[in-house]
Every structure is written in C-alpha cells, then in structure tokens.
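Open the model in your viewer and keep the selection panel at hand. The stops below say what to select next and what is there.

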Amino acid sequence: MKTINRLLDFRSYKFKIITLSIISSLSLESCSKAPNRVNLGDEKYASDSNLPSGNNGDGAGTVNLTRNVSVHRLNNREYNATVRDLLQTALQPADNFPTDTIGSHFDNEGGSLSISPTLAKYYFTAAISLSEEITQANLSKYTSCTVATDTACLTKFIQTFGARAWRRPLEAAEVTALATVSQAAAAGGSAALLDYVRQTVFQLLLSPNFVFRVELDANPANPAQRKLNAYELASRLSYFLWSSMPDAALFAAAADGSILTDAGLQAHAKRMLEDSKAVSLVKGFGSIWLHTDKVRRTNLDPGLFPKFTPKVREAMAVETESFIADFLKNDVDVSEMLTADFSFMNDELAAYYGLPLPNSATHVRVEVQDVPRQGVLSHGSFLTATSAATRTSIVRRGAHVLETFLCSPKLDLPAGLVVEPLPDKAATDKTVRQTLADHVALPACAGCHLIIDPPGFAMEAFGADGLRRTKDGVNPVDSTGSYKGTPFADVMDFRTLLQKDQIFRTCVAKKVIAYGLGRALGSADEAVALALDQSNKAAGGSLHSLITKFILSTTFRSR
Amino acid sequence: MKINKNFSRRQFLGTSGTAIILPFLESMMTREAIAQEANKAKRMLCYFTSCGVMMDKWKPAILGDAYTMTQILQPLESMRKDFSVISNVSNLVSKDLVSAHSIGTAGWLTGVDPKPGIQAGISAEQVAAQKIGGMTPYRSLQLSQRLGNRATEIGALSDSTYCDVISWADTKTPLIPQSNPRAIFDTYFSGTNSNDSEKEKAERAARQKSVLDATLSQLQTLKNKLGKDDTYKVDQYMTALREIEKDVGKVTSMTTCPIIDRPEAETASLPGMVSAYPAYYAVMHKLIVLAFQCDMTRFISFMFSPGRSERSFNFAPLNIVENMHDLSHGGGADNNAKQALIQAYEMKMFASILQSLKEIPDINGSTMFDTTISVYGNELSSGGGHTVSDLPLVVAGGGGSLKLGHHIKAENGTDLANFWLTILNNGLGLGLPSFGTLGTKVMAGL
C-alpha cells in the first residue's frame, strides 16, 4: 500500500520518473488490453466484431449503425426546417414530437432514427394541419391552376410541387396515383380545387418519400458502393449544411447534373455555407459537438456559487454557440479553437469572468487577453457543466475532453470492479485532486485514470463555477500533469499539447464526417478522416474548408 | 364488450375540475358485460425511477404483512393493504454490466438484454396494450420527465435511447416518450368540439382513409426495394399507419371528465430552473391521472427521470444541491441520507397518483386504483454499485390474483421477466406462455 501511495504521490520527483516509464507499459495497454477495452484515441467501432456487451451471441438481427441506411428519417429539427422551406409555413409541428435521442455523436444518425406509433400519429396530424393552412384566400400561392377540371394544369402542379416535396422528380405512375386520390377528394363546387390541392399536399407530406431521405441500392441484398445520383447528392448536401431541403438553385443543379461536377458541387457548397440557413450547423453540429446545451441545465450550489445565475448560465451557452458559429465561418486553423484569443460575451458574462466589459447587452466579439481564459476549454459552458454541484470533477472534465476532442471511446469500467465512493470531502482538508489520487490508487483504476484525468488536472485552475482560482479549499490548486508522456505545468501547456496531437485533429474531421453522413463511424472511416485533416491542414485548416473538402470527397458523394 | 349504441359521447370543455364524472364503462356497457368486467384489472401504470435506492431504507426488515414501513415506503403507509413490496427479483439476463444504466433502463420493462444497434424487446405493458388496449383512443402512452437532450454513458450502449426509453413496441422500435406537458395537453386533451355535420365528418374520414391507403401502398413499393437491414424502418411506419387507419372516423372526443387548464408557459417547455421542477412534476402527474380518468388509454409507462439521471432536487423541502447521479456514487452518511430523502420524495409522487386514482370511480363500486396495476421500480438496486440484483419493486392496486399487502421475497433465480409475466398473467389474466428472455413461468408468492 505504501509503495502504491508513494508511486502516486504526484508531487514526488521519483514519481515523475516512475510514471513516465510506467505509462508506456501500463497505461495505454492496461486501458486497452484488459477485457472490454479498445485503444484510447480510437473510436469504438460498432461494426467491429469484438463488441463486449449486450450481445446474446445469437447474432441474429444485429444492426450496424455505421452503414449508410437506405431510408433515413428526418429528425425533428429537419422536419421543421423542411416544412418551413416547402410551404413557407410558420407552423413548427416537430416542436411537439417526442424529442430525438442522440446517437454515437449527433441526433441525425440514420441508424438511430425510428418511427414509433406516436410519431406516426404526429406526422399524420401535422400533414393535415399543414394542408389545412391552404385556404381559398391563399390558394394561388400554391398553384396557378384555377379550376379542378383542368387536368393538365393539375398534373403539372403535382409534378412540380411533388418534386419539391419528395426532393426528386416523380415517376409517371406516382403522379397518376396522387392525382387519382386527389381527384376523388375534390367535391363539386367552388371548393373542388381547394380540396384537390389540400389532398395532394396531405399525401405528399405523409409519404415515406417526404419523411425519409431515400437512397436505394440496385442490389439491396449485396449493395455495392456507388456514386449518389444528382438528387440524392443535393439532399445530402442541403441536409448537411441547412438541415433542410434543397432550394430552387440546388434543384436546378440536380436537374442539369452540374451538382455532380467538382466545380458545381464546390460552388453550391460555398454559397450554401454563406447562406443564413447555414445557422443550422451551429444548432445541429456545433452545439451538440460541444454540448453547449448542458450548461442550460446545470445547477450548482447557490450557496457556494451565488453569482452563477440563470442569466450567466444562458450567457455561457450563447458564448460557445457564437464561438463555434465564428469558427464555421472564419479562416483560421480549427485547432485554434483551443487557444483563441477572442470569444463572444455580453456585459453579464464579461463581468462574471472579471474581464473588461464590452458595453453590450448582447454577445459581441471580445479580445480575451487573460491567457488562461483563452480557448474553448476555458469556456464557462464546459467548465460548469462538467462539475458537481459543490466542487470540480476532474474525471468528468477529463472524460469530456477525451470524448469531445479526442473521439475516445466511452471507456468501460473493469468488469467486476466495486467502485468505492470518494470519501466525504468535508471530513478532510484535501483538494479534490488529492482525494481522487487516493481513490484511483488501485492499479486496476490507475491505468485508465492516468489517461482520463490529466485534462481535468489542467482545468483545476478553474472552479466548479468556471472562475479562476488558486486554491481548492485551503490548499493550492495543482494544475500539473502529464499528457501521453509529456508533462505540462498548467492549462496553457496542456492546450498546446492537445492542439499538436494528431488524434485531436483527426477527431474534428471525424465529427464533420459523422454529422455530414448522419451515421456512426466505422474503422474504414479512420483513414478518410486522417486524410481529410491532412489535406485541409495544408490549405489553412479552417472548419469551413474542412467541411467543403469533405463535401468534395468520394465518401460524401457515394454510398 | 357489448356497447350500448344509443350512448353518445359528448365532451365538456373548459369546466376545469368541476364536471360530473360518468364512469365510461358503466354507461357504455350492457349489464352482462359489466358483471364480466367487475374486479378485473384492466390498466397498467409502469412508474420508473433511476440511480437505485438506499436498500437499508427501502427494504422492510421482515417478510409478510406485519412489517414496519421503511423511510422510502412511508408515503404508501395508508395503502398498506393495497400494495406489495417485492424483494429478490433481479436482472439475470444481462451478463456484462458495463453499461449498467443502459441495461438497467432498457431491460427494466422488457426483460431482455439490450443489444447494440438500438435493440431490446417488446415491453410488458406493450404486450398487454397490443392484446387488450384497443378499446381506448390510444393503446398506450409513454411519458417522461426528461429535461433536455444528452448523450449518456460509457460502453457499447452509449446511444441515449437506452437510458431515455423504457417502452419498446418490438426489438427495434423504441417508443420515445413525451415530456412536454403543453404538447401532451394539446395533443390528447384539448379536444375537437367539431361543428361538422355527420356528412362532413364522414367525408373527412373518407379522405383520410384514402390518403392512408395510398401511403401504405407507397410504403409497400418502397419496402420491395430495400434490403433486410432497412425494411424494419418501413415496417414501423406501416404498422403505425395501419393502426391509425383503424381509428379514422371514430369519435375520439372524450367522455365527460374534468379538463385541466392548459399548462402554463413556464411548465410548457422543459424547465431549466430547478425551482420550476415541482410545478412541472405536478402537471405531468396530473396528466397521467387525466389520461386514465378520461379513458384515453389504459397503458402508461412513465419515467420520473431517465436512466442515469443527473437530476437536481434543489427545491423545498429537499434543498439538496448535489445531483442524483453524483449522490448515488458519493458514499458517506450525508450522501446516503440525501438519497433516501429523494427516493422517499419520488415514492410520494407515485403515491399521489395512486391517491388520485382512488378518488375516481370505476364500475361496480370499485375505483380506478382497484382496476389499475401500478408498478414502481428502478433501473438499479444500488446506484453506487451499479447492481441489478434484488431490484426495488412495488406493486399496487391491481385486482386479479396478485397477492397484495405483503413484503414478498421471490425465490432465487427470479428474473424481471418472471415478474412481468406474473403481472400480465396473474394481474391482467392474459394467459401468456412467456415474456422476455427468461420469463417462462410466473413467480411464486405474488
């Protein structure tokens, strides 16, 4: 016991030497070789056969979440945006739908999106409500036809409107089927045309061709990789950048095939990224990637942290959202998110951080000259949401960095381990870090914790409330640690090490790939992500350039 | 069930809480049918809580009916004869507990070991709903008090579905619950006091059916072009639309029952401020009672919190600052005492629903409490140890041949699937041969 305690005395010089040699033999291997582990830094691939848990071994009906599904349900955000763009409606029916779950990375993953009877009922009533927004007064907005007897006109209406609703030209048989149903609904008299149009819209919205993005394979039993056709590509592109359907210009590029060319695809990607609808990347990609919503539900002990008010909390969420919005547009290398000397604050937040006020009630860009405060790791949204109510959590902050910036697998506890709780902190004068050290003294725990904890150590300079501190209780804070064998003295050192880690860069690329394709990643995607990052780094390394390069890749243009 | 065809169901709107209640069945049924229905449980409430319990404050010291009520069970004291607390039922089907919360949650009502790829098995109340849930406007409802979206825990089952869902329609169809009280109210309780004539209603129904038919046809065409890994997605939609088609044209307005006011704006969206939680809980619990009272459905699953909840209880009278999951791993006398207080609070919320059901008459002089089997449980037994053996379970109300009023210890080897089979067969009289993976026989003693 004594030996272990000495080994884990972080302040001893001897320990530093011992640790460095132990790490190479103990840490990565013990965290990976023990049962049910994978190498740290590699994503856990659902398609790999060494799935440890939850598999009864019968193998029947195993679902692979890393494949490109053929029927990819719109998620709630996409449903709302699509009906907004298709019908110019103010209705947001999906606000009432059951909240989508989050898959391996995001909430747009095809393998994770299903239709329950409840959701189907909501699709049904939404389709009715949306179709009933069409009235005699606004009918001309939807069709130029004037009478229900003008078959040629109505056929054209179904073809045109249907092509937008289903995001591809309709087959003749489909048009006929729609027309037959609509015609039957058209009662006589002045309402006939209205009934016809409403019934058409109702059908189009309820259809699987609306609620799913469909990508069929010629031989579904044994699908071969193929290039997407023009309409499939257009949809994949618009749902990536806008969480919505293609616009008229993009449909035109699908119709004439120009979307399939490098020049055409690049031009549309560029204009769509610059369009205001690209704000969906902040909500669907950036916010989920950086977990910005979590701070909105973070409750710290108000007795200990009275300044952490709901307004401050909200301001922290907006800070990180604005920050990622900027990085989606700016031209700096994406790794500078970790060290950026700017952020976005309002007076409330700047005052909270103890920084100069920008004299604005709304968030504006501010220079951050306080060096430890620079970069997204020092955002309040991250620091507070990863804390317990009364104290910091080194493990949670470490795990958050691993998952968010290193695409680490969600690590497994050793099987059969009895997790001893941290002793009552009130009973000791020790810092959280010291208490943790006692806790992870067991070799079975040390292996993974030597990897999880260091980012948390670096962040110890910030309290649970996200504010700078030099003491944890009565003892000084210790922000030193070791990242993959290299020691760091403080959060600035740590950031730099993380920034230089290729695994971090590759992880950012992986996040873009996962979101762009709307699926979990498999082992085959590892090389794609690495190549994408390397190519982008040479071109300046910005996030929008990473996105554009990915769009131009074979992976994005194929299935 | 024979229905008196002369009965016309009317709905009273806007008389919050003061309308006269007509028991649905008695007015709708013939005398023979009433006699048949008497004293039979026909409703299920599955009430789920998370992060385990303090076993020493949960489990009574002795078996039988003369035990002293423990701290966490105390809110049920007045109903002592009407519930049983069950010990020694375990999740035996899951061998690898790495993702303990996911397994505990997804396995609780399904009695299976959940698999990667968003897979579990049909949940117990869905089995019942599919068999006997067709008489109400909605076969079942899945509700939850989920405060926002989040990714969850470690291991292969890291998709948040596993911790956010307890009801499953089949192996691949999780029934994502609803947690927005205003949306729930608008969808199920605001009613359509339609002024359409019978002719207009018939025309509307015909139009809807025709669209549903056309859509089903499109789905079949699409299904024929898909590989086996994708067809289940289309099947889910087809199954759902067929159900909707059966109900098109049916009167879905409710019988007379008190309509609550539309939930206020601050409870309409999922609250970020912990001080708003009690009001939110109150309205969600009211909606559960209302759904039963108005016979909108007879099968409700409810998640007080999702699996691995990081819920805060920092409101009066608890005023506990640490969140639930942290407390469950905290250890020490102080943390344990706080956990027990929270768990007793959750039991009090459960008891409040039971109390409300006791005040709603059902047929033949019984109450809805008597004709509802209410089960209270938790994803884990020990939150700190991530254990799923000897899970906390309470069975209340009921009817059928369930043994209530006792602390019952199941024999060794009793899996959750055995427990649910017992509920379904001995409680609801469904006569099923099995349930879940290990549920091939009912448990003794319940």
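Start by selecting A:Arg168 and A:Glu174, which form a salt bridge with their closest N and O atoms 2.9 Å apart. A salt bridge here is a side-chain nitrogen of Lys or Arg within 4 Å of a carboxyl oxygen of Asp or Glu. A:Arg168 is partly exposed at 23% relative accessibility, while A:Glu174 is buried at 18%. Buried means under 20% relative accessible area, exposed over 50%, and partly exposed in between (1.4 Å probe, protein chains only).

Before moving on, note that this is a predicted model, in which local features need pLDDT of at least 70 and side-chain atom pairs count only at pLDDT 80 or more, while totals for chains, interfaces and linings use all residues. Residues are numbered from 1 along each chain as its sequence is written, chains are lettered from A in the order in which they are written, and side-chain values use heavy atoms, leaving out hydrogens and water.

Next, select B:Asp334 and B:Lys338, whose side chains meet in a salt bridge of 3.1 Å, N to O. The two are separated by about one helical turn, because they lie 4 residues apart in helix H13 of chain B. Helices (H or I, at least four residues) and strands (E, at least two) are DSSP runs, numbered from the N terminus. B:Asp334 is partly exposed at 39%; B:Lys338 is buried at 17%.

Now show both chains. Where do chain B and chain A touch, and how many residues take part? The contact (heavy atoms within 4.5 Å) takes 81 residues from chain B and 79 residues from chain A. Across this interface there are 4 salt bridges. To see one of them, select B:Asp230 and A:Arg67, with closest N and O atoms 2.6 Å apart. On the chain B side, colour the elements that give two or more residues, including helix H7 (181-189), helix H8 (198-223) and helix H9 (231-247). H8(B) gives the most, with 11 residues.

Then select B:Tyr237. Along with B:Val394, B:Tyr237 touches the most other members of the largest nonpolar core, which has 127 residues. Such a core is a set of buried Ala, Val, Leu, Ile, Met, Phe, Trp, Tyr and Cys residues joined through side-chain atoms within 4.5 Å. Leaving aside neighbours within four places in sequence, the contacts of B:Tyr237 include A:Ile115, A:Tyr123, A:Phe212 and B:Leu219.

Finish at helix H17 (residues 432-439) of chain A, where the buried residues include A:Val432 and A:Leu436. Their cover includes helix H16 (394-405) and helix H18 (443-458) of chain A.
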